[in-house]
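Hi,

Here is the structure I promised to pass on.

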Amino acid sequence: LWDIRTGLSVQSLLGHVNAINCVTFDLCGELLASCDAYGVVKIWDVRRGGVEAGHWDYEPHPVNSVSFDASGACLAVSSNDGTVKMLEVEKGVATELSGHDDGVQAALFSRDGDMKSRARW
């Protein structure tokens, strides 16, 4: 993580062993989610010095993007297996949305958290 005012690195989050495809903060800036090319999703607690707060493994399918809803309670996880998983962050339980014939590149929430947009290309 970098301080955008100074451009200096202030924290390194170590744990992924493959290429990281996406990182995103929750709206409060307290949690950071990351995903990688091997299907690993991690949540980091930035307030506590980048402590890993959650870990999910969806291998062998790469996870392309992660996106928090407005409350930070749900994480959309888009994957090359053609699904979007709606992950309840605190419980660690995921609901799978399917229907794509190919990998899903991104999934986003509307500002009110009700609508999800999925994209593939």
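A word on the ground rules before the details. This is a predicted model, so to speak of local features I needed pLDDT of at least 70, and side-chain atom pairs count only at pLDDT 80 or more, while totals for chains, interfaces and linings use all residues. Residues are numbered from 1 along each chain as its sequence is written, and side-chain values use heavy atoms, with hydrogens and water left out.

**The sheet of β1 to β4**

Four strands make an open sheet here, ordered β1-β2-β3-β4, with antiparallel pairing. Strands are DSSP runs (E, at least two residues; helices would be H or I, at least four), numbered from the N terminus, and two of them pair if DSSP finds at least two bridges between them. The edges belong to β1 (20–25) and β4 (51–57), each of which pairs on one side only. From one strand to the next the twist averages 15°; the axes behind that value are lines fitted to C-alpha atoms (for helices, over the stretch in contact), with angles running from 0 to 180 degrees between N-to-C directions.

Strand β3 (residues 40–45) pairs with β4 in the antiparallel sense over six bridges. Two bridges to look up: Ile 43 has Gly 54 as its partner in β4, and Trp 44 has Glu 52. In the hairpin of these two strands, five residues lie between them, and Gly 49 takes a positive phi near 80°.

Ala 53 is in β4. Leaving aside neighbours within four places in sequence, Ala 53 is in contact (heavy atoms within 4.5 Å) with Ile 43, Trp 44 and Asp 45. Ala 53 and Val 104 are 51 residues apart in sequence, and their C-alpha atoms are 25 Å apart in space.

The loop between β3 and β4 holds Arg 47. Arg 47 counts as exposed because its relative accessible area is 54%; the cut-offs are under 20% for buried, over 50% for exposed and partly exposed in between (1.4 Å probe, protein chains only). The Arg 47 side chain makes polar contacts with the side chains of Glu 30 at 3.2 Å and Asp 45 at 3.1 Å. By polar contact I mean a pair of N or O atoms within 3.5 Å; within protein, one must be able to donate a hydrogen and the other to accept it, and residues adjacent in sequence count only if both atoms are side-chain atoms. Between the C-alpha atoms of Arg 47 and Leu 8, 39 residues apart along the chain, the separation is 18 Å.

**The sheet of β5 to β8**

There is another open sheet of four strands, in the order β5-β6-β7-β8, again with antiparallel pairing. β5 and β8 (93–97) stand at the edges with a single partner strand each, so one side of each has no neighbour in the sheet. Here the twist averages 20° from one strand to the next.

β5 and β6 (residues 74–79) pair in the antiparallel sense over five bridges. Val 66 stands opposite Val 77 in β6, and Ser 67 stands opposite Ala 76. Their hairpin has five residues between the strands, with Gly 72 at a positive phi near 80°.

Is β5 enclosed or open? Six of the six residues of β5 are buried, so this strand is largely enclosed by the rest of the structure.

Asn 64 sits in β5 (residues 63–68) and is buried at 13% relative accessibility. The side chain of Asn 64 reaches the backbone oxygen of Val 104 at 2.8 Å. Beyond four places in sequence, the contacts of Asn 64 include Cys 22, Cys 35, Ser 79 and Gln 105.

Thr 83 is in the loop between β6 and β7 (84–88) and counts as buried at 5% relative accessibility. The side chains of Thr 83 and Lys 85 make a polar contact at 2.7 Å. Not counting residues up to four places away, Thr 83 touches several others, including Val 77, Glu 96 and Val 104.

The charged end of Lys 85 sits over the ring of Tyr 58, 5.0 Å from its centre. The test for that is NZ of Lys or CZ of Arg within 6 Å of the ring centre and within 35 degrees of the ring normal.

Cheers
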